[in-house]
Amino acid sequence: MIVAVCSLSGAPGVSTLAAALTACWPAAPLTVPVLVEADASGGDFAVWHNTRAERGLLSLAAASRRTAADADGGDNPLLRHAVEVSGGLHVITAPSAPHAVTGAVRLLAERRGCLARGPLTVVDVGRVLPGSAGARLLMQADAVVVVLCGDDVAQVKRVVECAAVFTALEQRGCSVGLAVRGRRFSDDEFAEATAPPIWARIPDDPGGAAVIRGEEARWASWWGRAGAWLRYRRDPETIGGHPLMRAARALAEHLDDMAPSAVSHPASAAVPSRTHGPDALGAVA
Ligand SMILES: Nc1ncnc2c1ncn2[C@@H]1O[C@H](COP(=O)(O)OP(=O)(O)O)[C@@H](O)[C@H]1O
Ligand SMILES: [Mg+2]
């Protein structure tokens, strides 16, 4: 299953939620969810967690050029390009400079199937612009989570006005839902405005966000860090019961429940129609 996490504007917490979602995924013991940083404006994780691995988005993109037999192997070939950061999270990191990332994101958008090689791939697409490679990546996803600051009326209006784009994605078999930070507008108000359904309310949680940035682990001893890692993998809620992780866990469970139907949606599946036609996809890619 591929879950894409994106925003339409601002910095509402896409990378943070994508990471929390991956960390909290209710996976079977041998299923390792992988987070892929595919935000064309650059990655954050290598800096947040001070990793210096050779592998990452660029090696994944290079491997995607080769034949499937060449690039494949193992249960989850994506793991070859991932690093494990604190919390036991496997991340395919991207360089932080946009010019170093754009080509790789474009390549992944062209090579359909590359991201689908793992059992669960969460893709941080970042801020999506019409016609961008990131927008084309959304079309590979089984589910798209659009993150927005619900207190920012401009962001809310932008999401509402993109209803045609979301409908077009749904018509290709991709489920679309919102993850909203801030409570200025109720679920009913979003529904009345024909926005996609709200899948999660994301709390403001500086402590939880710091864990994702690797800051909580930085001062810990090696043993403390290992213990935290184990506790985190067994039960993400134990990392202080961070509200952000609880919200991410609930969202992950919701998406996991949706997985069979989302995956089995044929591209041409009939979708309950909203008011907009498929031509709107032209506005995405
Ligand atoms: N739920 C949250 N509560 C508190 N701070 C958050 C939350 N989500 C993100 N942040 C912080 O906001 C900043 C931007 O988040 P980030 O995930 O990088 O946004 P984006 O990927 O949308 O640009 C980061 O410093 C991050 O730690
Ligand atoms: Mg980001």
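Tutor: Helices (H or I, at least four residues) and strands (E, at least two) are DSSP runs, numbered from the N terminus. By that rule, Ile 212 belongs to helix H10 (residues 206-212). This is a predicted model, in which local features need pLDDT of at least 70, side-chain atom pairs count only at pLDDT 80 or more, and totals for chains, interfaces and linings use all residues; side-chain values use heavy atoms, with hydrogens and water left out. Residues are numbered from 1 along each chain as its sequence is written, while chains are lettered from A and ligands numbered from 1 in the order in which they are written.

Start with Ile 212. Its relative accessibility is 3%, so Ile 212 counts as buried (under 20% relative accessible area; over 50% is exposed, in between partly exposed; 1.4 Å probe, protein chains only). Ala 19 is one of the buried residues of H1. Helix H1 (residues 14-24) is mostly covered, with eleven of its eleven residues buried. They include Val 14, Leu 17, Leu 21 and Cys 24.

Now turn to Gln 140. Gln 140 sits in the loop between helix H6 (133-138) and strand E6 (143-149). Gln 140 has a relative accessible area of 10%, so it is buried. A polar atom of its side chain lies 3.0 Å from the backbone oxygen of Leu 108. The side chain of Gln 140 also reaches the backbone oxygen of Ala 109, at 3.1 Å. Leaving out residues up to four places away in sequence, Gln 140 touches Ile 2, Leu 108, Ala 109, Arg 111, Arg 112, Gly 113 and Leu 115. Contact here means heavy atoms within 4.5 Å.

Leu 108 leads on to another packing site. Leu 108 is among the H5 residues that meet H3, along with Ala 100, Val 101, Ala 104, Val 105 and Leu 107. From H3, the partners are Leu 57, Leu 58, Leu 60, Ala 61, Ser 64 and Arg 65. By class, this contact has ten nonpolar, one polar and one charged residues. Ala, Val, Leu, Ile, Met, Phe, Trp, Tyr, Cys and Pro count as nonpolar, Asp, Glu, Lys and Arg as charged, and the others, Gly among them, as polar.

Finally, the whole protein. Its secondary structure comes to 13 helices and eight strands. Buried residues make up 51% of its 285 residues. Among contacts with a separation of 6 or more, 78% join residues 24 or more positions apart.

Notes
Polar contact = N/O pair within 3.5 Å; in protein donor to acceptor, adjacent residues only side chain to side chain.
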